[in-house]
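Please have the sequence and the model open while I talk.

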Amino acid sequence: MERLIFSSRWLQAPLYLGLIVAQGIYVVQFMMELSHLVADIAHLDEAKTMLIVLGLIDVVMIANLLIMVIIGGYETFVSRLDIEGHPDQPEWLSHVNAGVLKVKLATALIGISSIHLLKSFINAAQLEDRVLTWQVGIHIVFVFSAFMMAITDKVMNQTLHLQSKH
C-alpha cells in the first residue's frame with residue numbers, strides 16, 4: 001500500500017508535460033504579437049506601442065510562472081531533477097520547497113497583475129470604472145495573500161529551525 005501511495009506522485013508528471021505544451025503556446029503567442037509590433041511600427045502611437053510591449057512582458061512573466069511551476073513543482077512533488085552541477089541550474093532551485101514555491105508563485109502573480117493593471121490604466125478611457133475598481137481590488141488581494149504566505153512561511157521556517165535545535 002505504501003509503495004502504491006508513494007508511486008501515485010507520478011500521476012502528476014503528465015500535468016507538468018501539459019504545462020510544457022502550454023508554455024509552447026505562449027512562445028507562439030509571443031512571436032505573433034512581436035511580429036504584429038514590428039509590422040505595424042509605422043502606424044502605432046506611443047500608447048499603443050506601450051500596450052503591445054506590456055502584453056509581451058505579460059506573456060514572458062506568465063512563461064516564467066510556468067517554468068517555476070513546472071520545474072519547482074516537479075522537483076518538489078514528483079522526483080528530483082538530476083541537474084546537480086549543471087551550469088544552467090536555476091539558483092532558486094537549490095532551496096525550493098512547497099512554501100518557497102508558493103511565495104515565488106504569489107509574487108509572480110503580483111507581477112502579472114501589476115502588468116494587467118498598468119495596461120488598464122493606460123487604456124482607462126475605454127474601461128468602465130467598475131472594471132478598474134475590481135482590478136485594483138483583485139491586485140490588492142494578491143498582494144495581501146502573498147504577504148500572508150510569506151509571513152506563514154517565515155513562521156514555519158522559524159518553528160522548524162527551533163525544533164531542530166532541540
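Does Ile151 count as buried, exposed or partly exposed, and at what relative accessibility? Ile151 counts as partly exposed, because its relative accessibility is 34%. The terms work like this: buried is under 20% relative accessible area, exposed is over 50%, and partly exposed is in between, with a 1.4 Å probe and protein chains only.

Before going on, two notes on the source. This is a predicted model, where local features need pLDDT of at least 70 and side-chain atom pairs count only at pLDDT 80 or more, while totals for chains, interfaces and linings use all residues. Residues are numbered from 1 along each chain as its sequence is written, and side-chain values use heavy atoms, with hydrogens and water left out.

Back to Ile151, which lies in helix α5, residues 129–165. Helices here are DSSP runs of H or I with at least four residues, strands are runs of E with at least two, and numbering starts from the N terminus. Together with Phe144, Phe147, Met148 and Val155, Ile151 makes a nonpolar surface patch of about 470 Å². Patch residues have over 30% relative accessible area and no salt bridge; nonpolar side chains (Val, Leu, Ile, Met, Phe, Trp, Tyr) are joined within 5 Å, and like charges within 9 Å. The areas come from the Shrake-Rupley method with a 1.4 Å probe, and for residues only the protein chains shown count as cover.

Now the inside. The largest nonpolar core has 11 residues, among them Ile62, Trp92, Leu101 and Ile112. Such a core is a set of buried Ala, Val, Leu, Ile, Met, Phe, Trp, Tyr and Cys residues joined through side-chain atoms within 4.5 Å. Two or more of its residues come from each of α3 (46–78) and α4 (98–122), and α3 gives the most, with 5 residues. Setting aside residues up to four places away in sequence, Ile62 touches Tyr26 and Ile112; contact means heavy atoms within 4.5 Å.

Helix α4 also holds Ser113. Ser113 is buried, because its relative accessible area is 10%.

Next, the aromatic rings. Rings of Phe, Tyr and Trp (its six-membered ring) pair if their centres lie within 6.5 Å; planes under 30 degrees apart are stacked, over 60 edge-to-face, and the rest tilted. That rule gives 2 aromatic pairs. Trp10 and Tyr74 are edge-to-face, at 6.1 Å centre to centre with 75° between the planes. Trp10 sits in the loop between α1 (2–7) and α2 (13–39) and Tyr74 in helix α3, so this pair ties together parts 64 residues apart in sequence. Tyr16 and Tyr74 are also edge-to-face, at 6.2 Å and 85°. Tyr16 counts as buried, at 10% relative accessibility, whereas Trp10 is partly exposed at 39%.

Last, charges. Side chains of opposite charge can pair when their charged atoms come close. How many salt bridges does the structure hold? It holds 2, where a salt bridge is a side-chain nitrogen of Lys or Arg within 4 Å of a carboxyl oxygen of Asp or Glu. Arg80 forms one with Glu75, the closest N and O atoms being 2.9 Å apart. Arg80 counts as exposed, at 64% relative accessibility, but Glu75 counts as buried, at 11%. Glu128 forms a salt bridge with Arg130, with 3.6 Å between the closest N and O atoms. Arg130 is exposed, with a relative accessible area of 53%.
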